[in-house]
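Q: I am new to this structure and would like to be taken through it step by step. Could we look at it together?

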Amino acid sequence: MENKINTYKKITVKDLNLYYGKFRALISIELEVQENKITALIGPSGCGKSTLLRCLNRMNDLIHGVKITGNVFLDGTDIYNAALEVAALRKRVGMVFQRPNPFPLTIYENVTYGLKVAGMHNKKKMDAIVENSLKRAWLWEQVKDKLDHPALGLSLDQQQRLCIARLLAVQPEVILMDEPCSSLDPIATMKIEDLMMELKKDYTIVIVTHNMQQASRVSDYTGYMLLGEMIEFDVTKNIFTRPSKKLTEDYISGKYG
């Protein structure tokens, strides 16, 4: 087996179980997410990928009747500790959703929204953050002269990059992406993939994708999930060329799912 790159473990998941009522949606999940790498979660619909992703910043707390056992450590701190401030966690671990969800505000107001919620009102500072965030999301040149225009007037691909810029403005450490290209065409998808590759220099990224080609192109590590279990987790090249589990091989080869 190919030697894994020796990197810092940003997130460690231990014996994680999630129940929707009596239904056990995640079963004894073990996972290590390396810093400044892209980790992809793949598997058929309903296998628990997005549920696991939402566990990493406690988005599942918002769902009535959910019960979670086990641990998720961020830099060694259990995020399910009752004393942890969830708002602070979600600032460190941000989420990009399937469909772009810009607010019905201007482009500028979208990027500064989180800053204002955090109490920032210095326009000079906000202007600098807006420019930097939009540049990092490869959107600045396209919108710099229309920051006061409605965000909903942008193309879907631009809206998704605006949502990423909005997230970058509050300086997260981890970016969770739940099928961020599912509503985009192939050209727009390529732009988002290129952006992910650039962003991992400074951020840790975990992506859920149904697109196995996308996982093989952009990720450093891949986990294959089935029926709530993590069947196999390894360096992406190993998962796609020499998986150790037959269930993984069957999925990768198209025999299952």
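This is a predicted model: local features need pLDDT of at least 70, side-chain atom pairs count only at pLDDT 80 or more; totals for chains, interfaces and linings use all residues.

Q: What is the strand order in the open sheet of six strands?
A: The order is E6-E7-E8-E3-E9-E10, and the pairing is mixed. The twist averages 20° from one strand to the next.

Q: Which strands stand at the edges?
A: Those are E6 and strand E10, which covers residues 229-235. Each has a single partner strand, so one side of each is left without a neighbour in the sheet.

Q: And E3 with E8: parallel or antiparallel?
A: Strand E3 (residues 38-42) and strand E8 (residues 204-208) run parallel, joined by four bridges. Within this pair, Ala40 stands opposite Ile207 in E8.

Q: Which strands does helix H7 touch?
A: Helix H7, made of residues 186-199, packs on the sheet and touches E3, E7 and E8. Its direction makes about 150° with that of E8.

Q: What about H6, then? Which strands does that one touch?
A: H6 also packs on the sheet, where it touches E6 and strand E7 (174-178). The direction of H6 makes about 170° with that of E6.

Q: Changing topic: how many bridges join E1 to E2?
A: Eight bridges join strand E1 (residues 9-20) to strand E2 (residues 23-34), and the two run antiparallel. Tyr19 stands opposite Arg24 in E2.

Q: How many residues lie between them in the hairpin?
A: There are two residues between E1 and E2. Gly21, in the turn, has a positive phi of about 65°.

Q: Now the pockets. What volume does the largest one have?
A: The volume of the largest pocket is about 610 Å³. Its lining consists of 22 residues, and those nearest its centre are Arg90, Lys91, Gly114, Leu167 and Val170.

Q: Which elements give two or more residues to that lining?
A: They are helix H2 (86-92), strand E6 (93-96), helix H3 (107-117) and helix H6 (156-169). By type, the lining divides into 15 nonpolar, four polar and three charged residues.

Q: And what is the volume of the second largest pocket?
A: That pocket has a volume of about 180 Å³. It is lined by 14 residues, with Gly46, Cys47, Gly48, Lys49 and Thr51 nearest its centre. E2 and helix H1 (49-55) each supply at least two residues of this lining.

Q: How do its lining residues divide by type?
A: Four are nonpolar, seven are polar and three are charged.

Conventions
Residues are numbered from 1 along each chain as its sequence is written. Side-chain values use heavy atoms; hydrogens and water are left out. Two strands pair if DSSP finds at least two bridges between them. On a 1 Å grid over the protein atoms alone, a cavity is a set of points where a 1.4 Å probe fits but cannot get out, and a pocket is an open set with protein on both sides within 12 Å along at least five of seven lines; lining residues have an atom within 4 Å of a point. Grid points are joined across faces, edges and corners, and a volume is the space filled by probe spheres set on the points. Ala, Val, Leu, Ile, Met, Phe, Trp, Tyr, Cys and Pro count as nonpolar, Asp, Glu, Lys and Arg as charged, and the others, Gly among them, as polar. Axes are lines fitted to C-alpha atoms, for helices over the stretch in contact, and angles run from 0 to 180 degrees between N-to-C directions. Contact means heavy atoms within 4.5 Å.
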